[in-house]
Amino acid sequence: MLWPFNHFRKPRLAPSGTIEAIYGTIVTQAREPLFYRDLGVPDTVNGRFDLVLLHLWLVLRRLKSADSGAALSQALFDHFCNDMDDNLREMGVGDLAVPRRMQAFGEAFYGRTAAYDMALTEGREALAGAICRNVLGGEKMEKARELSAYAEAAMAAFAQLDDAALLEAKWRFPAPESTRPQ
C-alpha cells in the first residue's frame, strides 16, 4: 500500500548499506597488518584510531567534490561517531564518561583533518610531518614519508573514480605495499 506522505521523505542519497560499506572499507583498510608491522603505526587503540581517521579523511576529502557528497560525508561522519560511541561502551567506558571521550574524538578528528588539509597546501614533506605527528607520535619520519606516499596514492586513485563508483562504494584503497619507495 502506498502511504500518502511518502513523497515528503528525504530522497535516498545512496543505496541502502552504502555508508556501512564505505565505513567498513575504511576500517578494514585501517586494520591492514602492514601498517603496523612495516610502516611503524603503533598497534594500540590510539594507533588504530589515528589510522581510521587518516582513511576517513581521505574518503571525506574526495566526497567533497562529488554530487551529493556533502550529505554522504555527513552520514559517513555520523556513522563514524556512532561506531566510536559503541566501541567506548563495549570497552566498558561508563555512560557519564562517553560524552567527554566523544568530544575528544571530535577534537582529534577536526584537528587532524585540518593539519592534513593544511599540509597538502605546503607539499609532500609537510604531509609526512603531519602524519608523523598524528599517527606515529612524532617519531619515525622515514615511515611517515612512506605513509604520506600511500595517502597520496590513495588520493590519486580517488581522483580517478567517477562519482557513481564513489557513491556506490565500488572502490578499494590502494595496497600499502605498492606505494613503498623502492
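F158 and W171 are both buried (under 20% relative accessible area, with exposed meaning over 50% and partly exposed anything in between, using a 1.4 Å probe and protein chains only). The model is a predicted one, so local features need pLDDT of at least 70 and side-chain atom pairs count only at pLDDT 80 or more, while totals for chains, interfaces and linings use all residues. Residues are numbered from 1 along each chain as its sequence is written, and side-chain values use heavy atoms, with hydrogens and water left out.

As for the overall fold, the chain has 8 helices and 0 strands, giving the pattern α-α-α-α-α-α-α-α along the sequence. Helices here are DSSP runs of H or I with at least four residues, strands are runs of E with at least two, and both are numbered from the N terminus. Of the 182 residues in the chain, 44% are buried.

Aromatic rings come next. A pair of aromatic rings is described by the distance of the centres and the angle of the planes. Rings of Phe, Tyr and Trp (its six-membered ring) are taken to pair if their centres lie within 6.5 Å, and the pair is called stacked with planes under 30 degrees apart, edge-to-face over 60, and tilted for the rest. On that basis the structure holds 13 aromatic pairs. In one of them, the ring centres of F77 and Y110 are 5.8 Å apart with planes at 45°, so this pair is tilted. It ties together distant parts of the chain, with F77 in helix α4 (residues 69-90) and Y110 in helix α5 (residues 98-122), 33 residues apart. F77 is buried, at 13% relative accessibility. F158 and W171 make an edge-to-face pair, because their planes stand at 85° with the centres 5.1 Å apart. Here F158 sits in helix α7 (residues 141-160) and W171 in the segment after α8 (163-167), so the pair links distant parts of the chain, 13 residues apart. Ring pairs also join Y23, F49, F77, F80, F105, F109 and Y110 into a cluster. Elsewhere, R48 lies over the face of Y36, 4.8 Å from the ring centre; a charge sits over a ring if NZ of Lys or CZ of Arg is within 6 Å of the ring centre and within 35 degrees of the ring normal.

Two packed helices are described by the angle between their axes and the distance between the axes. For helix α3 (residues 45-63) and helix α6 (residues 124-135), the axes come within 10 Å and cross at roughly 145°. Axes are lines fitted to C-alpha atoms, for helices over the stretch in contact, with angles running from 0 to 180 degrees between N-to-C directions. The crossing of α3 past α6 is right-handed, where right-handed means that the near helix is turned clockwise from the far one by less than a right angle, and left-handed means anticlockwise. At this meeting point, D50, L51, L54 and W57 of α3 face L127, I131, N134 and V135 of α6 in contact.

Y150, in helix α7, is buried with a relative accessible area of 0%. Its C-alpha lies 8.2 Å from that of A175, 25 residues away in sequence. A175 belongs to the segment after α8 and is partly exposed at 33% relative accessibility. A175 and A154, 21 residues apart in sequence, are 9.0 Å apart between C-alpha atoms. K140, in the loop between α6 and α7, has a positive phi near 65° without being a glycine, and counts as partly exposed at 45% relative accessibility. A169, in the segment after α8, is not a glycine either, yet its phi is positive at about 60°.

Methods: Contact = heavy atoms within 4.5 Å.
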